[in-house]
Amino acid sequence: MSEVATQRRAVTVLGLGYIGLPTASLLATRGFKVHGVDVRPEVVETINEGNIHIVEPELDVLVRSAVHSGQLRASTDPVAADVFLIAVPTPFMDGKQPDLSYVEAATRALAEMLEPGNLVILESTSPVGTTERVAEWIAETRPDLGPGAVRVAHCPERVLPGRIIQELVENDRVVGGLDQTSTEEAAAFYREFVSGEVLLTTARTAEMAKLTENTFRDVNIALANELSLICDRLEIDVWRLIELANRHPRVNVLQPGPGVGGHCIAVDPWFIVDAAPEQARLIRMAREVNDSKPEHVVEQVVERASRLKEPVIACLGLAYKPDVDDLRESPALQIVERLAAQSPGKLLAVEPYIEALPAGLQEQGVVGTSLDEALQLADIIVALVPHRPFRSVPAARIQGKMIVDACGLLRLLQ
Ligand code: SAJ
């Protein structure tokens with residue numbers, strides 16, 4: 001452990017969501033004195049009781065042990081620390097411009113607590129130049145500190161929901177400070193709890209690296225989604241096609257699906273488009289292809305339904321990806337909502353990872369049911385998310401039904 005690192009024992013984490021809470025609790029179990037901050041009082045209360053408000057494997061155990069050991073406390077206001085870690089959302093606004101208001105509010109709040117020599121790290125996925133703006137907001141709020149009194153760096157989170165705890169420790173990290181000292185001190189901090197390699201760069205490059213990672217995935221999924229549209233037209237099984245093409249040693253096409261969901265991949269490429277609209281032609285087009293996929297699935301279902309008199313349509317899966325409970329920005333949910341608005345038949349929905357259907361869907365007349373009942377009653381099956389429980393359905397159980405397979409579930413059945 002470096003000398004710089006051992007001196008930094010108190011950490012304040014701002015934002016206790018999918019990134020902030022796992023990071024705060026991991027740091028607490030690694031000997032740091034951690035103070036978590038969230039603007040939602042109910043989240044603060046839940047965490048102080050040793051419980052969690054999100055679903056993520058292993059997180060409950062980690063938070064419970066962090067809170068019970070006294071190393072993690074939460075409140076709605078920041079407290080003084082050696083290191084301040086910002087992990088608040090960076091959504092986009094109506095015109096697809098980034099909304100930095102949460103980062104600004106968190107920065108101004110922590111600035112009140114800053115002392116010379118403190119380290120401020122921005123983990124939120126951010127447009128290029130945001131770390132510089134963090135330093136400007138600090139300077140505005142605390143002119144008394146003077147230039148260079150605190151270290152400011154960006155270290156983008158890159159963990160995959162569903163594997164957060166493992167990836168938090170094992171992934172390589174990209175760290176970019178506003179100056180050499182900031183970069184080195186931030187890197188020393190991460191080396192204390194990350195087993196992956198810590199890679200040093202500038203703040204701007206670190207910001208762009210994160211956007212590039214998610215854009216890479218978005219563009220590649222767009223290729224798969226475009227192929228699925230082409231294959232529908234040419235009557236080719238896209239899943240088999242991709243399987244075969246991927247046997248080439250230098251080809252790795254991703255999987256088509258009902259669209260791209262979640263809070264990251266469908267958002268981050270817009271930060272690049274916003275910053276360089278004339279150059280980011282392919283990136284914008286990929287976003288548009290992926291955003292158009294839910295409507296294509298809706299059209300396929302409506303077309304099948306029009307062939308029947310009073311069709312029962314079972315939609316399998318509402319989450320934004322397999323084996324998570326997260327419905328945020330979910331194309332599957334969007335498809336069911338759009339179908340309900342068009343009412344091409346009686347709509348059933350199966351989502352094994354949630355207790356009850358979202359109220360909006362229920363109001364639209366969608367009925368939540370078990371997989372078993374859905375398979376029994378449905379004339380049309382719409383496979384939207386290949387959740388594990390769906391994959392163990394015997395192929396014989398869906399024989400004779402019309403199927404719209406938006407996620408490649410059929411090839412996974414036994
Ligand atoms: N998807 C496809 N086809 C594929 C793979 C994914 O349609 O072949 C869809 C999924 O169904 C889902 C969406 O893409 O709707 C995104 O899912 P994902 O598993 O690719 O990614 P996220 O959003 O859960 O997490 C991503 C990760 N980024 C990359 O893999 C480059 C994660 O490492 C980031 O930390 C996270 O975004 C983030 O917070 O930015």
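Me: How much space lies in the largest cavity?
Reply: This is a predicted model: local features need pLDDT of at least 70, side-chain atom pairs count only at pLDDT 80 or more, and totals for chains, interfaces and linings use all residues. Side-chain values use heavy atoms, without hydrogens and water. A cavity is a set of points on a 1 Å grid over the protein atoms alone where a 1.4 Å probe fits but cannot get out. Volume is the space filled by probe spheres set on the points, which are joined across faces, edges and corners. The largest cavity holds about 70 Å³.

Me: Which classes of residue line the largest cavity?
Reply: Lining residues have an atom within 4 Å of a point. Among them are Leu-316, Phe-390 and Leu-413. Ala, Val, Leu, Ile, Met, Phe, Trp, Tyr, Cys and Pro count as nonpolar, Asp, Glu, Lys and Arg as charged, and the others, Gly among them, as polar. The lining has no charged and no polar residues, and 11 nonpolar.

Me: What is the radius of gyration of the chain?
Reply: The radius is taken over C-alpha atoms, and the globule rule is 2.2 Å times the number of residues to the power 0.38. For 414 residues, a compact globule would have a value near 22 Å. The chain agrees with that, at 23 Å.

Me: What share of the residues is buried?
Reply: Buried means under 20% relative accessible area (1.4 Å probe, protein chains only). The count runs over the 414 residues in the chain. Buried residues make up 51%.

Key. Residues numbered from 1 in each chain as written. 1 Å grid on protein atoms, 1.4 Å probe; cavity = no way out; pocket = protein on both sides within 12 Å on 5 of 7 lines; lining within 4 Å. Buried < 20%, exposed > 50% of the residue type's maximum accessible area, 1.4 Å probe, protein only.
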